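Student: Could you take me through one part of this model in detail? I would like to look closely at the sheet and how its strands pair.

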Amino acid sequence: MPEAEYTTTTPLSVETVWAFVEDMDNWCHHLRGYQHHTRHSERDSTWLLKGDVGAVARKVEFRVHIDEWRPGELVHFTLEGVNEVMEGEGAFRLAPQSADGATDAAPPTP
């Protein structure tokens, strides 16, 4: 199964970054191929992405469920395909950075 991980640092405080991350309407449109989303509740939404596979463009719709909110620390979510057989998961993990560049917290396990 495909897997990707991306880590970045920012000079912004964890509180500032969390203010952005805690609302999925802020970050869902940053996904590659994002077309639109419908929010059903604070934890459930449906997203539509469009991707190109060679010369063919496909639209994939999937349900997103927020499994865990840890304010200032973690958002963990699961994905389930609506029009395609697909499942997956993702997370935003936030941790303050120490002076030596290491994060101060071990990555939480979802």
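Tutor: Strands S2 (residues 44–53) and S3 (residues 56–70) pair in the antiparallel sense over ten bridges; two strands count as paired if DSSP finds at least two bridges between them, and strands are DSSP runs of E with at least two residues, helices runs of H or I with at least four, numbered from the N terminus. One of the contacts joins Asp 52 to its bridge partner Ala 57 in S3. This is a predicted model, where local features need pLDDT of at least 70, side-chain atom pairs count only at pLDDT 80 or more, and totals for chains, interfaces and linings use all residues. Residues are numbered from 1 along each chain as its sequence is written, and side-chain values use heavy atoms, without hydrogens and water.

Stepping back, five strands make an open antiparallel sheet in the order S1-S2-S3-S4-S5. S1 (34–39) and S5 (87–93) are the edges: each has a single partner strand, so one side of each has no neighbour in the sheet.

Trp 47 is buried at 1% relative accessibility, where buried means under 20% relative accessible area, exposed over 50% and partly exposed in between (1.4 Å probe, protein chains only). Trp 27 is buried too, at 5%.
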